[in-house]
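Biologist: Good morning. I am new to this one and would like to be taken through it.

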Amino acid sequence: MGVVATLATDLWQRLLQATVGLPPANWGLVGRWVGWFPRGVFVHHPIAATAPVRGESLIGWAFHYFVGIAYALVYFAILRLALDSGPTLVSALVFALALLAAPWFVMQPALGLGVMAARMPKPAATRAINVSVHAAFGVGLYLGAVAPFFGLATLQ
C-alpha cells in the first residue's frame, strides 16, 4: 500500500515535470539531511550548503519509500483499530493532506527552507505542489488499499 502510494507521488511529479517543467525532486538532499542524523545535526541553513554524505541519493530514495510505507501502516492502523472501517478515497485523501504537517513544519524548516517553504523563491507555488503531491499520495494509498493483490482486501 505504501509503495503504491509513494510510487503514485513519483509518477505525479514526473507528469508535472514533463508538462509544466517542474524540476525533479532532489531526494539526494533529503538523503543528506538523513545522513547527518548520526552526527547529531538535524537542522541545516540551507541543506544545499551542507557537505554531502556518501550515498545521499540512495539514502534519500530509501527514506522517501520508508516514510511512504510507514504512513500507509498508520493509515491502515487508523482504519482498522480506531475506526473499524475500510478504506475510502475521501479518508485516504484527508489522511494524505493531513500529512502535509510533516514537510511543512518539520522537514522544510530543518532543510533551511522555512516553515511551509517560506524561504523558497516561490513559496505559494511550492505549497501548491506539496498539496498536489500529497493528494496523489492519497489516491495511491486508496488504490493500494483496494487493489486485490496487495491491498487491504487481502488482509481481511
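Modeller: The conversation below goes from the overall fold to single residues.

Modeller: This is a predicted model, in which local features need pLDDT of at least 70 and side-chain atom pairs count only at pLDDT 80 or more, while totals for chains, interfaces and linings use all residues. Residues are numbered from 1 along each chain as its sequence is written, and side-chain values use heavy atoms, with hydrogens and water left out.

Biologist: How many helices and strands does the protein have?

Modeller: The protein has six helices and zero strands, and its elements run α-α-α-α-α-α from the N terminus. Helices (H or I, at least four residues) and strands (E, at least two) are DSSP runs, numbered from the N terminus.

Biologist: Which residues make up the largest nonpolar core?

Modeller: That core has 12 residues, including Met1, Tyr75, Phe95, Leu99 and Phe137. Helix H3 (56-82), helix H4 (89-98) and H6 each supply at least two residues of this core. Apart from it lies another core of seven residues, among them Trp27, Val34, Ala110 and Leu111. A nonpolar core is a set of buried Ala, Val, Leu, Ile, Met, Phe, Trp, Tyr and Cys residues joined through side-chain atoms within 4.5 Å. In soluble globular proteins, nonpolar side chains tend to be buried together.

Biologist: Let us turn to His134. Is it buried or exposed?

Modeller: His134 counts as buried because its relative accessible area is 15%. This residue is in helix H6 (residues 123-146).

Biologist: What is His134 in contact with, leaving aside its neighbours within four places in sequence?

Modeller: His134 is then in contact with Ala96, Leu97, Leu99, Leu100 and Pro103, where contact means heavy atoms within 4.5 Å. Pro103 is itself one of the buried residues of helix H5 (residues 101-110), along with Trp104, Gln108, Pro109 and Ala110. Those buried residues of H5 pack against helix H2 (27-35) and H6.

Biologist: A change of topic: where is the cis peptide bond?

Modeller: The bond from His45 to Pro46 is cis, with omega near -15 degrees. Pro46 lies in the loop between H2 and H3. Most residues other than glycine have a negative phi, and most peptide bonds are trans.

Biologist: Then which residues other than glycine have a positive phi?

Modeller: Asp84 has a positive phi of about 50 degrees, and Ala117 has one near 60 degrees. Asp84 is in the loop between H3 and H4, whereas Ala117 lies in the loop between H5 and H6.

Biologist: Are those two buried or exposed?

Modeller: Asp84 counts as exposed because its relative accessibility is 69%. Ala117, with a relative accessible area of 0%, is buried.

Definitions and conventions:
Buried means under 20% relative accessible area, exposed over 50%, partly exposed in between (1.4 Å probe, protein chains only).
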